[in-house]
Amino acid sequence: MSTELALSDLHDSVADPASSAMTFLNEVVERFPEAVSFAPGRPAEGEFRTADITRYLAAYVSYLSEVEGFSAQRIATELFQYGRTNGQIHPLIARTVANDEDIVVDPEAVVVTVGAQEGMLLVLRALFAGPADVLLVASPCYVGITGVARLLGIEMVPVPEGPEGVEPAVLLEISNRVRATGKRPRALYLVSDFANPTGSSIPGARRRQLLDAAAAADLLVIEDNPYGFFRRAGESPLPLKALDADHRVIYLGSFAKTCIPGARVGYVLADQPVTDAHGRRTLLAQELSKIKSMVTVNTSTVSQAVIGGMLVDSGFRLREANTDAIKWYAQNLQLLLDELSDRFAGRTGVAWTRPDGGFFVVVDVPFRADDAALERSARDFGVLWTPMTYFHIDGGGTRQLRLSCSALAPDDIRAGVARLADFIESEELRTLL
């Protein structure tokens, strides 16, 4: 007799609605390959060249030999062996974030991770010590962090996010409300620039106010910033981490959007001092290393070498190296906004956000934008999008959908918005019947 497992005997995260929703979305994408897909928030592939991987590996090997003075045997060990748990390209990352973001950290405070997703897991596992610890999340929120929190059994409380991000006064109010229940608001997760899914950004002046509010609430801030380079116009404000004078901010970074997503390399900047019962001090990065050694052992040394070569090749200035990509994403976003305006301007019941950069636009619609509606949209009109309910932990977003324009050609954006307009008109008629 074969073994059969009851779903009820597995961890609750296996049956989590968000995980099921993302599985459904992936299945719809596979079933309708000809549909214009505004669903995935992945980078464009126009600049991907397989020969570059070899070139970046060579650049990294040359750097180790000529700059670091490594022998051929040591270089081979760097590439072929497991490697340091917290990573090998940490000094290169520290140089790059200093140039690009004005973030100054000791290289020993850098943890090189298997994508930003592992960074989320390591940080939450380290910070949340018991059931009284609560994670505040800017809401609606990226499913990666909420999924990890559910996996670890961490309670979450949403903090509403407007076009300018989280309001400091609201953060204080919610934090005090949580503390009044006898629980500890431990940290706030947010995306500082062009958040997924809303596209919202925190203005420069509000960033210092937000740090002050976090200090007043005794909160750590987990700042995720994968989209910060991709502003349509104007100067980018400094990340919260660059303003962080008292080590309150833990910074999650990723090379998925700025380098190669397939390399699966991210990083955590964790320079918070940690003191044990005997008064010995370490950095939070070193404590994260202990957890990482039990999760992934180390981040692929070959992937690190490729990314390290890209950093060397760019002169440790990824913002400049991404000039063409920044232009591409800005043009795509502007085109999407223009097409929405042409199709829906003045139309009752349809509105949309107008972010200053990033990949995402949220559209309000006069019907329930759920999985069933997505199925009809893909099957009957050939256009895919993401229901905003996926990003809410409190049941919101039922009449909203997210559009991502990052990976689409301009003609596909035009065709996709035209199909979306036909779908929305059909749904409006459907709700009247």
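Me: Helices are DSSP runs of H or I with at least four residues, strands are E runs of at least two, and both are numbered from the N terminus. Where does P197 lie on that basis?

Reply: P197 lies in the loop between β6 (184–191) and α8 (204–216). The peptide bond from N196 to P197 is cis, with omega near 20°. The model is predicted: local features need pLDDT of at least 70 and side-chain atom pairs pLDDT 80 or more, while totals for chains, interfaces and linings use all residues. Residues are numbered from 1 along each chain as its sequence is written, and side-chain values use heavy atoms, without hydrogens or water.

Me: Why is F194 called buried?

Reply: Buried denotes under 20% relative accessible area, exposed over 50%, and partly exposed the range in between (1.4 Å probe, protein chains only). F194 has 1% relative accessibility, so it counts as buried. F194 is placed in the loop between β6 and α8, and its phi is positive, about 55°, although F194 is not a glycine.

Me: Why is V297 called partly exposed?

Reply: The relative accessible area of V297 is 44%, and therefore V297 is partly exposed. V297 lies in the loop between α9 (284–292) and α10 (301–313), with a positive phi near 65° in a residue other than glycine.

Me: What makes the side chains of S406 and S404 a polar contact?

Reply: A polar contact is a pair of N or O atoms within 3.5 Å; within protein, one must be able to donate a hydrogen and the other to accept it, and residues adjacent in sequence count only if both atoms are side-chain atoms. The pair formed by the side chains of S406 and S404 is at 3.4 Å. A polar atom of the S406 side chain also lies 2.6 Å from the backbone oxygen of R42. S406 is buried because its relative accessible area is 1%.

Me: Which residues does D356 contact beyond its neighbours within four places in sequence?

Reply: With contact taken as heavy atoms within 4.5 Å, the partners of D356 are F194, R231, R232, A233 and L333. D356 has a relative accessible area of 45%, so it is partly exposed.

Me: How many disulfides does the structure hold, and what makes a pair of cysteines count?

Reply: A pair counts if the cysteine sulfur atoms are within 2.5 Å; the structure holds zero disulfides. C141 is buried because its relative accessible area is 3%, and C259 counts as buried because its value is 10%.
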